[in-house]
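Trainee: I would like to learn how to read a helix and its aromatic rings. Can we go through a case together?

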Amino acid sequence: MRLEKCWFCSSTIYPGHGIQFVRNDAKIFRFCRSKCHKNFKMKRNPRKVKWTKAYRRLHGKDMTQDSTFEFERKRNRPERYDRNIAENTLKAIKKIDKIRSDRAYDHIKNRLKTGKIQRQKQARKQLEQDIHLVKAPLALAQDSSLHLPKITVNVSQTWTEENQPMEE
Amino acid sequence: MATRLQFENSCDVGVFSKLTNAYCLVAIGGSENFYSAFESELADVIPVIKTSIAGTRIIGRLCAGNKKGLLVPHTTTDQELQHLRNSLPDQVVVQRIEEKLSALGNCIACNDHVALTHTDLDRETEEIIADVLGVEVFRQTIAGNILVGSYCSFSNWGGLVHSHTSIEDLDELSTLLQVPLVAGTINRGSDVIAAGMTVNDWTAFCGSDTTATELSVIESVFKLREAQPSAIVDEMRKSLIDSYV
């Protein structure tokens, strides 16, 4: 039993799931579910279909280069079974898996950081400019928290002959 | 010494077994008779291993090997690969090959020094063969058939090829392989030599349909007939006896 990867979406195919298609040139295509199989039959390129791992890796959404990926290679030259090595490998698998998923999470978090700052700036601008969409002007006037406090400034103006308005 | 046997009533013993100078692979059958026949001949000398490849019993036609290594197709499961690696001695390198032509036993015929391969084999596969098996690789056809692994069977001492091989081809192959070759049949006239028999430097196993004539041809070309005492005495008599009275 071997857990294969779906050719289209790169998810793991567990036993009892999916379809395998063998082309005339002896290349084997494995699909995890009919969604991927039907997309393949429609001749869609997985690198252009947004929800696949191939697209996400290609467009930098997911982590591509990492040393933890080296551990999951398919090996064609086996080594003699050794109990200690097998035990250590099983422990290592768990650890490596945790490290890989943590790094993948950090990669996505870093990618989304710049967006957060932009979003906050936009939100502040919207609060200043578009608040009238949400609250009526009268309510705005009464509620002191939604606008800057009004400061009364005393302006002294001397009455001179020129300044007096024309009485007519 | 050539032995005649059957695998579950089939005379194609070369399909269900693989014999080399360092190990012997046997298919898992319903009864133990096939395995016992190999064990009785080879038990103390080389390991006899029961295995399957890709879940099938046709292991002789799927894998190719000699005393230095064993090549298995990409369809071999991880568990089978691990079983082979655990059972074989450490000098034998076990390698799984990614190759379109996955029946390696039909595509590659080899002994410990030289290998003949299918003409359409990948270049990487050819390099892997040269590296793992430690042999010189030649792309050839036999009597116009590209499946060289099926239509010829050779060891370090001699070889048997398809009966319709022309004499020029026979000479050419003989010079390439550096062993004497004979065109013959197995299992009452079958041309698929490697399917009907399996051979190494000191034993051979053939299907039970093999006639006595075919068996004697096999024993002579593969140099399996043990040196009989009478032969030595005949040669010595000439030097010992000066003249007959």
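Predicted model: local features only at pLDDT ≥ 70, side-chain atom pairs only at ≥ 80, totals over all residues.

Trainee: Which residues of helix H1 of chain A are buried?

Mentor: An α-helix has 3.6 residues a turn, so residues three or four places apart point the same way. Helix H1 of chain A covers residues 34-41, and its buried residues are Cys36(A), His37(A), Asn39(A) and Phe40(A). Viewed down the axis of H1(A), these buried residues fall within an arc of 165°, so they line one face of the helix.

Trainee: What do the buried residues of H1(A) pack against, and which exposed residues does the face turned away carry?

Mentor: The buried residues pack against strand E3 (19-22) and strand E4 (28-31) of chain A. The face turned away carries the exposed residues Lys38(A) and Lys41(A).

Trainee: How many aromatic pairs does the structure hold?

Mentor: Over all chains there are 11 aromatic pairs. In one of them, the rings of Phe31(A) and Phe40(A) have centres 4.9 Å apart and planes at 45°, so the pair is tilted. Phe31(A) is buried, with a relative accessible area of 1%, and Phe40(A) is buried at 17%.

Trainee: Why is the pair of Phe38(B) and Phe205(B) tilted?

Mentor: Planes under 30 degrees apart count as stacked and over 60 as edge-to-face. The planes of Phe38(B) and Phe205(B) are at 35°, so this pair is tilted. Phe38(B) lies in helix H2 and Phe205(B) in strand E15 of chain B, so the pair ties together parts 167 residues apart in sequence.

Conventions:
Residues numbered from 1 in each chain as written. Chains lettered and ligands numbered in written order. Heavy atoms only, no water. Buried < 20%, exposed > 50% of the residue type's maximum accessible area, 1.4 Å probe, protein only. Helix = DSSP H or I, 4+ residues; strand = E, 2+ residues; numbered from the N terminus. Arc of directions from axis to C-beta. Contact = heavy atoms within 4.5 Å. Phe/Tyr/Trp six-rings, centres within 6.5 Å; stacked < 30°, edge-to-face > 60°.
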